[in-house]
Amino acid sequence: MSSQALKIDGLKTYFYTENGVVPSVDGVSFHINQGETLGIVGESGSGKSVTSLSVMRLIEKPGKIVEGEIQFGDRSLLQISEAEMRKIRGRDITMIFQEPLTALNPVFTIGHQISEALINHLKMSKAEAKKRTLELLKQVRIARPESVFNSYPHELSGGMRQRAMIAMAISCDPKLLIADEPTTALDVSIQAQVLQIMKDIVRERGNSILLITHDLGVIAEMADRVVVMYAGQIVEQCDVFTLFKSPKHPYTKGLLKSTPRLDQLTETLESIEGSVPNPLSMPAGCRFHPRCPYAKPICESVSPQLQGDGSIHEIRCLMYDDRYAKEWDEVMV
Ligand code: SF4
């Protein structure tokens with residue numbers, strides 16, 4: 001069995017707003033094996049980005065990690081000092097964002113920014129750092145690395161900036177790469193190129209990736225396993241083939257029905273009715289019940305637990321809980 005790069009157990013990250021407490025991440029547990037890409041999928045407000053920011057310990061007030069454990073290799077990220085965490089960020093765990101301009105500093109050249117990471121984290125000399133930066137730019141398929149080295153972020157196209165950010169993110173050969181909607185801002189052909197670059201990197205270097213996206217197409221392309229989040233909780237967790245071939249949770253089924261597929265001729269796409277609940281007043285019972293086409297009265301009062309053994313296929317739905325499954329005896333799903 002592969003060893004785990006990251007293990008999250010019972011993570012709760014809440015935001016204490018003037019209007020009340022928002023349980024953005026509410027008891028989330030999963031792991032990522034070494035060399036594995038784990039996708040987290042869900043609509044906005046599902047808690048997927050807050051989960052990744054919690055791993056980086058970048059939750060700002062009024063947010064707070066209130067419970068849980070985040071194990072990275074042999075280190076417990078919620079127990080170490082901020083100084084130790086700073087060393088891990090940018091070296092052992094790095095991030096690729098949707099908008100590279102949030103990660104790249106507009107007043108420094110691309111070359112300067114990537115070299116700085118190498119000098120600071122890996123103690124390279126300036127000349128070594130420049131040589132390595134040019135290699136990294138080539139690795140992310142930038143055709144004129146010398147010219148991009150001397151360019152400022154605003155002088156590059158969106159796709160080039162995204163490649164430069166990937167080069168920066170992999171510069172110190174991190175054990176874990178967190179990619180939050182890495183291709184959402186790019187047009188389709190550039191998206192495919194950037195995804196291919198990320199796939200090649202994992203194959204060559206064996207990094208683990210935590211991929212956050214609302215796009216099931218990106219999941220199909222990249223992920224080995226998938227976590228589906230809804231209203232701060234995991235509702236389904238399985239390998240990527242199972243997710244597309246035999247999804248079980250009504251929310252996952254809804255997401256799939258609302259996504260175009262290349263292997264099926266679909267005239268109209270269905271959307272999931274309703275919208276994500278107000279996080280200040282989550283529905284009682286199953287949080288998905290107001291939108292669920294299979295809901296029964298019991299779903300309004302009983303909160304489903306994640307069913308499964310933690311490694312194969314887990315589902316948070318009363319239909320799959322032996323204690324309540326008889327309520328659905330007449331429905332085949
Ligand atoms: Fe739907 Fe009920 Fe299952 Fe929730 S518990 S997903 S409401 S069937």
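Ser-76 touches Glu-69, Ile-70 and Gln-71, leaving aside residues up to four places away in sequence; contact here means heavy atoms within 4.5 Å. With the side chain of Glu-69, the side chain of Ser-76 makes a polar contact (2.4 Å), a term for a pair of N or O atoms within 3.5 Å in which, within protein, one must be able to donate a hydrogen and the other to accept it, residues adjacent in sequence counting only if both atoms are side-chain atoms.

This is a predicted model: local features need pLDDT of at least 70 and side-chain atom pairs pLDDT 80 or more, while totals for chains, interfaces and linings use all residues. Residues are numbered from 1 along each chain as its sequence is written, and side-chain values use heavy atoms, without hydrogens and water.

Strands are DSSP runs (E, at least two residues) numbered from the N terminus.

An open sheet of 7 strands has mixed pairing and the order 6-7-8-3-9-10-11; two strands pair if DSSP finds at least two bridges between them. Strand 6 (93-96) and strand 11 (314-315) are the edge strands, each pairing on one side only. Strand 11 pairs with strand 10 (residues 233-239) in the antiparallel sense over 2 bridges, and Glu-236 stands opposite Ile-315 in strand 11.

Definitions and conventions
Helices (H or I, at least four residues) and strands (E, at least two) are DSSP runs, numbered from the N terminus.
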